[in-house]
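The sequence and structure come first.

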Amino acid sequence: MTQEHDLLRITDLQVDFNTFEGCLHVLDRVSITARMGEKVGLVGESGCGKSTLGRCIVRRVRPVAGEIIFWSERLNNVEDIVSVTDSIWKQLRKQIQMIFQEPGAAINPVFTVGDQLRAAIRFSAPTHIGKSQIQRRAIELLQEVQLSDPERIMSSYPFQLSGGMQQRICIAMALGVQPSLLIADEPTTALDVTIQEQILRLFNDLVSYHRTAVIFITHNLGVVREIADRVYVMYAGQVMESATTDELFENPMHPYTRGLISAVPKLTGGGIIEGIPGHIPSYLDPPTGCRFCTRCPDVVPKCDEVRPPIGSINASHEVACFLYGGEAS
Ligand SMILES: Nc1ncnc2c1ncn2[C@@H]1O[C@H](COP(=O)(O)OP(=O)(O)OP(=O)(O)O)[C@@H](O)[C@H]1O
Ligand SMILES: [Mg+2]
């Protein structure tokens, strides 16, 4: 049996953005973990900080507090991504890949797809590999993401391809590096439903063959239910609940999670469902307690002042809400 241990452990991560209007307090003491080979879903409505959290893991955003501990198999060591030196980060970077929400963020417009794909493969190879081997692997990767006519695509520039094709190239580049952690930020949003299915299946294969852990960021609960072993529910920069996927859908506890699940439109009809009234509070001056308090149907007076501690419902189910205990301190 393989020993299960945390590949990633994020503790109390805080992110502020300084803007013209003032300081936006976006992430508020976010803690999440991912085990080796685990598929972790990160859900929450638009603007709740999912991409910001992903960007912190690849050092595109600097937190003001907290740690991001990553277990590196190559270095046989744990490192804090927030504070490692650039030379160690260069090593870790080969093991962590992110598929960005906007393909434009990852593809360089002035190089052909082939140039970029070959560079990604060369970058990640543990030892030197020959040109023809790189070329073969690049074509294989394009086929894996269901792109037909890989030779033509290799010699194309990104602007000559559709958005969906560009997104699949980003996926191919991320897979080509064979990371131990893959952060997939809404990777299938730009794709049509049939290709979305294929890509999701591909993620599953990747995880089982390479024991890659995936942090799958999405606002689509249906996708999360299909892909994730475990889910974190975020709201306005705070983690509200986490549980195994089955448990979360069968027994959602946080009022926000319950609202989110009941707001999923059903194909069986019944009109437009109500959703959760209201919207995310301003990050300029959010409540110091639970940030969902302004929309919560079960709010009590202390909620806006005191952050409910994370309580364990069972070994794999945690919720931050005074409904389930926790004294104000
Ligand atoms: N570089 C930045 N400067 C200022 N504000 C930012 C920056 N990046 C993100 N934000 C703000 O942080 C908040 C969270 O943004 P983020 O992109 O992380 O949300 P998200 O959960 O990924 O949303 P979506 O589902 O729409 O992608 C938003 O209010 C956004 O405007
Ligand atoms: Mg996002």
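R9 has I69 as its bridge partner in strand β4. The strands β1 and β4 (residues 65–72) run antiparallel and are joined by 5 bridges. R9 also has a bridge partner in β2, namely T33. Between β1 and β2, which are antiparallel as well, there are 10 bridges. These two strands form a hairpin, with 2 residues between them. Strands are said to pair if DSSP finds at least two bridges between them. Strands (E, at least two residues) and helices (H or I, at least four residues) are DSSP runs, numbered from the N terminus.

This is a predicted model, in which local features need pLDDT of at least 70 and side-chain atom pairs count only at pLDDT 80 or more, while totals for chains, interfaces and linings use all residues. Residues are numbered from 1 along each chain as its sequence is written, and chains are lettered from A and ligands numbered from 1 in the order in which they are written.

**Around the ligand**

The shell around ligand 1 has 15 residues, of which F17, S46, K50, S51 and T52 come nearest. A residue is near a molecule if its C-beta atom, placed from the backbone, lies within 6 Å of it. At least two residues of the shell come from each of β1 (6–19), β2 (22–35) and α1 (50–57). The largest share, 3 residues, is supplied by α1. By class, the shell holds 5 nonpolar, 9 polar and 1 charged residues. Here Ala, Val, Leu, Ile, Met, Phe, Trp, Tyr, Cys and Pro count as nonpolar, Asp, Glu, Lys and Arg as charged, and the others, Gly among them, as polar.

**A strand covered on both faces**

In a regular strand the side chains alternate between the two faces of the sheet. Strand β6 (residues 96–99) is covered on both: I96 and M98 are buried on one side, and Q97 and I99 are buried on the other. A residue is buried if 20 or more other C-beta atoms lie within 10 Å of its own, exposed if 12 or fewer, and partly exposed in between, with C-beta atoms placed from the backbone. β6 pairs with strand β7 (residues 181–185) in the parallel sense, over 4 bridges. In that pairing, I96 stands opposite L181.

**Helices**

Buried residues of α4 are A138, L141 and L142. Seen down the axis of α4, the buried residues fall within an arc of 100°, so they line one face of the helix. The arc is that of the directions from the helix axis to the C-beta atoms. An α-helix has 3.6 residues a turn, so residues three or four places apart point the same way. On the face of α4 turned away from the buried side are the exposed residues S132, Q133 and Q143. The cover over the buried residues of α4 includes α3 (113–124), α5 (150–154) and α6 (163–176). Residues are in contact if their C-beta atoms, placed from the backbone, lie within 7 Å. Just after α4, Q146 takes a positive phi of about 65°.

In helix α10 (residues 255–262), the buried residues are P255, Y256, T257, G259 and L260. Their cover includes α8 (221–227), β9 (230–235), β10 (238–244) and α9 (245–250).

**Individual residues**

The table gives neighbour counts for four residues.

| Residue | C-beta neighbours inside 10 Å | Class |
|---|---|---|
| R29 | 16 | partly exposed |
| E186 | 20 | buried |
| E102 | 16 | partly exposed |
| M36 | 18 | partly exposed |

R29 lies in strand β2 and has a positive phi of about 45°, although it is not a glycine. E186, in the loop between β7 and α7 (193–210), is likewise not a glycine and has a positive phi of about 45°.

E102 belongs to the loop between β6 and α3. From E102 to R168 the distance is 11 Å, C-alpha to C-alpha, with the two 66 residues apart in sequence. M36 sits in the loop between β2 and β3 (39–43). The C-alpha atoms of M36 and S180 are separated by 7.5 Å, and these residues are 144 residues apart along the chain.

Definitions and conventions:
Two residues are in contact if their C-beta atoms, placed from the backbone, lie within 7 Å.
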